Protein chains: 2
Amino acid sequence: MGKPRILIVGGVAGGASCAARARRLSEEAEIVIFDRGQFVSFANCGLPYYVGDLISDEKKLLVANANLFQSRFNIQVRLEHEVIDIDPAAQTIQVKNLQTGDVLSEPYDALVLSPGAAPIRPPFPGLELPGIFALRTIPDSRRIREWIEVDRVKRAVVVGGGFIGMEMSENLMRRGIQVTLLEKLPQVMPPFDAEMMTAVHTHLREKGVDLCLSNGVKGFVSDKADGLIVQTESGDDYPTNLVILAIGVRPETTLAEQAGLQLGDRGGIRVNAQMQTSDPHIWAVGDAIEVQDIVTNEWTLVPLAGPANRQGRTAADAIMGYDTQFRGVQSTSVCGIFDMTVACTGASEKALKRAGIPYAKVYLHPGHHVSYFPGAHPIDMKLLFSPDDGRILGAQAVGYEGTEKRIDVMAIALQASLTVFDLEEAELCYAPQFGAAKDPVNFAGMIAANALRGDAPIVYWEHLSAEQVMLLDVRNPDEFEAGHVANAVNIPLPELRDRLSELPEQQDIWVYCQVGQRAYYATRVLRQCGYNAYNLTGGYKTQQAMDQALDPTHTLHPEHPRP
Amino acid sequence: MGKPRILIVGGVAGGASCAARARRLSEEAEIVIFDRGQFVSFANCGLPYYVGDLISDEKKLLVANANLFQSRFNIQVRLEHEVIDIDPAAQTIQVKNLQTGDVLSEPYDALVLSPGAAPIRPPFPGLELPGIFALRTIPDSRRIREWIEVDRVKRAVVVGGGFIGMEMSENLMRRGIQVTLLEKLPQVMPPFDAEMMTAVHTHLREKGVDLCLSNGVKGFVSDKADGLIVQTESGDDYPTNLVILAIGVRPETTLAEQAGLQLGDRGGIRVNAQMQTSDPHIWAVGDAIEVQDIVTNEWTLVPLAGPANRQGRTAADAIMGYDTQFRGVQSTSVCGIFDMTVACTGASEKALKRAGIPYAKVYLHPGHHVSYFPGAHPIDMKLLFSPDDGRILGAQAVGYEGTEKRIDVMAIALQASLTVFDLEEAELCYAPQFGAAKDPVNFAGMIAANALRGDAPIVYWEHLSAEQVMLLDVRNPDEFEAGHVANAVNIPLPELRDRLSELPEQQDIWVYCQVGQRAYYATRVLRQCGYNAYNLTGGYKTQQAMDQALDPTHTLHPEHPRP
């Protein structure tokens with residue numbers, strides 16, 4: 001292409017990256033970004049913190065503006081210009097100037113669709129009432145800020161417990177607002193497995209959030225005293241001054257559908273590895289497209305900024321004739337939830353089940369740094385891996401400081417197709433305030449590798465049938481007394497070698513301790529002495545989390561004994 | 001081996017790991033640890049913080065004790081037992097009970113040497129004077145604590161600016177002691193390249209450390225007023241109450257030499273990939289051995305806890321007939337220095353030069369998280385990679401929060417033989433408080449990949465010859481005025497496209513900005529317009545660091561203009 005005309009629809013993340021990259025590849029190209037909004041390249045990930053006034057200067061959210069695009073990149077940005085039609089045969093788009101109402105036709109050599117996604121707004125009765133907001137744009141956040149101040153909001157209901165729901169709950173609390181969080185599922189943060197979220201449920205409640213799981217919205221009615229009442233499926237009513245809808249987003253595909261572009265089963269625009277749509281002159285990037293998951297190979301919707309940027313660069317490369325291929329997504333993500341951090345990469349257990357992919361898993365609860373240095377916090381970790389070759393399939397971590405670090409390491413390990421045997425051998429940073437000579441990542445690899453090698457086979461709490469196996473608790477008597485699993489027999493690890501005669505020779509023995517380490521030692525002792533011993537991965541701590549995940553409406557105390 | 005007798009000399013890190021692993025592999029083996037000290041498996045990495053009273057309870061440093069080894073692992077620990085001789089032919093050792101003086105002969109099937117390393121004590125005159133300490137054991141730290149309290153230490157001299165020197169400087173300052181740090185080299189932290197340490201030099205001085213680089217100790221004399229005077233090579237005297245010798249450690253090889261075991265050129269015990277010495281019944285692990293660097297393939301001494309633990313497990317596996325192979329070391333390390341964190345993995349530039357390995361490098365200074373979220377700090381990063389295929393050879397990072405996280409990611413990428421092209425594509429955790437949609441790791445990969453692809457070739461400040469090239473500063477005029485490199489011409493990036501006629505068509509143009517990003521954009525513009533443009537990697541910030549590294553005796557202000 002000599003002097004191509006590249007038009008880009010949508011100037012945030014993917015679109016902006018594509019434009020800048022296209023300029024770096026061609027000084028000659030004419031590059032125009034159209035955006036129906038007032039801003040280009042703004043920091044939408046920062047919006048909840050702007051509502052929370054942690055970021056108080058709106059200007060900080062403007063990563064770049066139209067002038068910068070012009071002066072730095074010679075890229076034209078036309079704001080408040082909505083692309084209303086595409087004619088793929090003629091290679092033109094119809095653009096409406098939202099200020100004047102004029103409609104112009106613009107020819108293109110390459111068209112890039114980066115329209116993003118829109119908040120899902122189910123047809124709830126009363127959805128149009130004042131005080132009900134979604135959060136997607138700077139004007140959205142301005143309106144919420146104004147509403148909070150003008151209406152002196154005291155109580156808010158956040159609908160949806162995903163990333164935005166979590167961040168909005170935290171930020172509204174930061175403003176001194178009492179928050180009720182309604183989530184239809186029995187857990188928050190759907191990309192995670194349920195048992196990994198029980199500590200988050202507890203944390204949310206400790207922070208004062210009124211967390212209502214397994215309860216969805218039925219509708220909204222106005223109320224003289226409070227402004228609004230949120231009616232729920234359980235029959236409970238929640239009076240409030242402010243509702244944040246954070247149910248999720250759906251890809252913006254109106255234009256793509258009008259243009260006859262192929263969509264996928266998940267409702268996003270279908271593209272190839274070069275971000276090209278079914279029309280050879282149209283590319284698409286960002287939240288509007290479907291992407292392939294590198295673990296499950298399934299088409300999926302992953303509205304994340306990092307992949308959107310990579311997609312933008314890939315599309316620019318493709319347009320300019322480079323053969324860059326998008327390698328798919330692994331859905332690495334992180335969320336700060338008050339003092340906690342939750343992070344994951346790759347597939348969850350439920351995603352692997354859905355995809356019919358064989359997997360094994362381990363749970364662990366290592367300290368984020370050595371226990372002898374002040375301030376050590378545990379990280380709850382779950383590692384999913386192939387039972388055949390140990391290849392990493394996914395990882396989840398929940399904790400405080402140092403949590404997302406371990407997931408970043410797992411993410412690049414997954415990208416490199418490493419196995420749990422490689423994690424065992426990883427050489428990571430260690431000083432007392434940063435980790436341990438055996439880092440949590442090493443531990444995860446060791447537990448998994450020991451299981452795969454058959455040295456210390458692991459079993460899962462959900463498979464426990466206390467009639468068929470002997471359940472052995474190797475913790476100290478005081479720990480056992482404070483709470484244990486029904487039908488468990490207590491033989492503390494230090495006494496095990498002397499009390500082998502108490503154990504059944506024909507029956508499988510499932511061993512647990514608090515987090516899995518002593519049970520591992522016990523399993524090794526027993527297997528070497530001829531017993532069929534297995535380690536219940538994650539120990540009593542994981543058992544408690546699973547138990548609570550099955551009954552998430554209340555918070556069990558860790559010391560609460562099983563009935 | 002049916003019921004082998006495994007004797008282990010030294011019960012910290014490698015030795016303790018080896019013993020525990022051996023037990024997990026064999027219930028039948030007789031396992032005995034001998035240690036001449038009073039403690040087994042103590043946290044020597046915590047000792048500086050015990051001196052600093054950040055860890056105030058000595059018991060916390062005892063990771064395990066002899067009773068735990070016995071009760072949990074059925075491992076005998078004989079403390080205050082010094083192994084004084086090995087008879088490899090007879091497969092026996094002579095052990096002296098340090099309390100009774102008795103010497104016993106103990107037979108072994110497998111002997112594991114884990115004697116560690118000893119602080120280097122050069123033959124300085126006056127070295128025996130009271131108040132001069134090294135720090136390696138719990139009794140060492142006790143003595144220093146007592147000396148600080150009894151002698152009411154006000155001024156200390158730390159000799160040596162490596163890991164222990166850094167941690168001791170911080171911890172003595174924590175105790176309210178004025179610290180002079182003497183380092184013979186022109187930089188602290190020798191595993192890092194000099195220009196990466198200039199920010200640390202500034203930080204140390206800002207924190208009140210009297211940092212004396214390029215100055216070594218000549219000797220010590222006692223002084224009536226102050227207790228001690230440290231005499232230095234520069235002729236300056238430092239009166240003090242306390243001297244910490246932190247010059248480094250040397251492998252403990254007395255026993256190995258007596259036994260006729262092969263040593264390497266670096267003075268450590270030579271072992272194979274199964275940790276076996278030149279005697280087939282003797283293994284060696286930890287700080288006493290030489291290991292192979294996976295980047296340079298050179299034999300080296302790497303006294304780090306993580307590798308020592310891995311070595312211990314490898315030796316146990318080998319003794320029990322498993323074919324585990326030690327993969328070598330990559331020297332991943334981290335150090336907290338007051339508020340800063342420095343971390344590295346793989347080879348430094350000087351190590352690559354020494355080994356004659358071709359390399360390319362990039363410098364960058366990204367924020368540890370997005371700039372719009374409060375509290376963003378820059379991380380100074382340096383990435384070394386193969387100029388042929390982009391394979392990662394080493395990485396260094398200096399900053400605050402989030403610094404060692406990026407090195408952990410680089411460490412596992414290096415382990416997986418990933419390239420800079422893989423770093424470009426890495427999908428890491430992003431939310432505003434944790435990183436950026438383009439993480440510093442991605443940026444490092446992108447800059448390097450753009451250079452390798454020829455899109456934006458990079459050049460190094462140390463090769464700058466202002467006579468032969470045009471030096472172009474594309475920062476804004478106010479930045480240029482505040483300080484710039486001699487002979488640089490200022491054309492701000494936004495004006496570049498309109499001022500191309502001012503540029504020479506035949507001469508190479510070396511472009512710089514503050515950190516490298518605008519220079520990258522400019523380089524792309526210029527190359528597409530037919531100019532031979534190159535990006536000076538790391539920008540003015542790296543230039544200033546290099547400048548300061550050449551003259552480390554004083555701290556340049558960042559805005560200080562070049563003469």
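In this predicted model, 100% of the interface residues of chain B are also interface residues in chain A, so the two copies meet through the same surface. The contact brings together 80 residues of chain B and 80 residues of chain A. Superposition of chain B on chain A gives an RMSD of 0.0 Å, reached by a turn of 180 degrees with a shift of 0.0 Å along the axis. The two copies are therefore related as by a two-fold rotation axis.

**The interface between the chains**

The size of an interface is often expressed as the accessible area lost when the parts come together. For chain B and chain A this buried area is about 7000 Å², with 57% of it on carbon and sulfur atoms. Three residues, B:R24, B:Y372 and B:E427, supply 12% of the area that chain B buries against chain A, which is more than any other three residues supply.

Polar pairing across this interface comprises 38 residue pairs in polar contact, both residues of each pair being at pLDDT 80 or more. On the side of chain B that touches chain A, helix 10 (residues 403-415) of chain B provides the largest share, with 9 residues. By class, that side of chain B divides into 41 nonpolar, 17 polar and 22 charged residues.

Side chains of opposite charge can pair when their charged atoms come close. There are 10 salt bridges across the interface of chain B and chain A. In one salt bridge, B:D408 is joined to A:K405, and the closest N and O atoms lie 4.0 Å apart.

**Domains within chain A**

Chain A is divided into four parts: domain 1 (5-117 + 250-319), domain 2 (132-247), domain 3 (339-452) and domain 4 (458-550). Between domain 2 of chain A and domain 4 of chain A, the contact takes 4 residues from each domain. The centres of these two domains, taken over C-alpha atoms, are separated by 41 Å.

Domain 2 of chain A and domain 4 of chain A bury about 370 Å² between them, of which 63% is on carbon and sulfur atoms. The side of domain 2 of chain A that touches domain 4 of chain A has 1 nonpolar, 2 polar and 1 charged residues. The table sets this domain contact beside the contact between the chains.

| Pair | Buried area | Salt bridges | Residue pairs in polar contact |
|---|---|---|---|
| Chain B and chain A | about 7000 Å² | 10 salt bridges | 38 residue pairs |
| Domain 2 of chain A and domain 4 of chain A | about 370 Å² | 0 salt bridges | 1 residue pair |

**Salt bridges in the whole structure**

Over all chains, a search of the whole structure finds 70 salt bridges. One of these joins A:E58 to A:R142, with the closest N and O atoms 2.6 Å apart. This pair links distant parts of the chain, 84 residues apart. A:E58 lies in the loop between helix 2 (47-51) and helix 3 (66-73) of chain A, whereas A:R142 belongs to helix 4 (residues 138-150) of chain A.

Definitions and conventions
Residues numbered from 1 in each chain as written. Chains lettered and ligands numbered in written order. Heavy atoms only, no water. Domains from an automatic or database assignment. Contact = heavy atoms within 4.5 Å. Buried area = accessible area lost by both parts, 1.4 Å probe. Salt bridge = Lys/Arg side-chain N within 4 Å of Asp/Glu carboxyl O. Polar contact = N/O pair within 3.5 Å; in protein donor to acceptor, adjacent residues only side chain to side chain. Nonpolar A, V, L, I, M, F, W, Y, C, P; charged D, E, K, R; others polar. Least-squares fit on C-alpha atoms with pLDDT ≥ 70 in both. Helix = DSSP H or I, 4+ residues; strand = E, 2+ residues; numbered from the N terminus.
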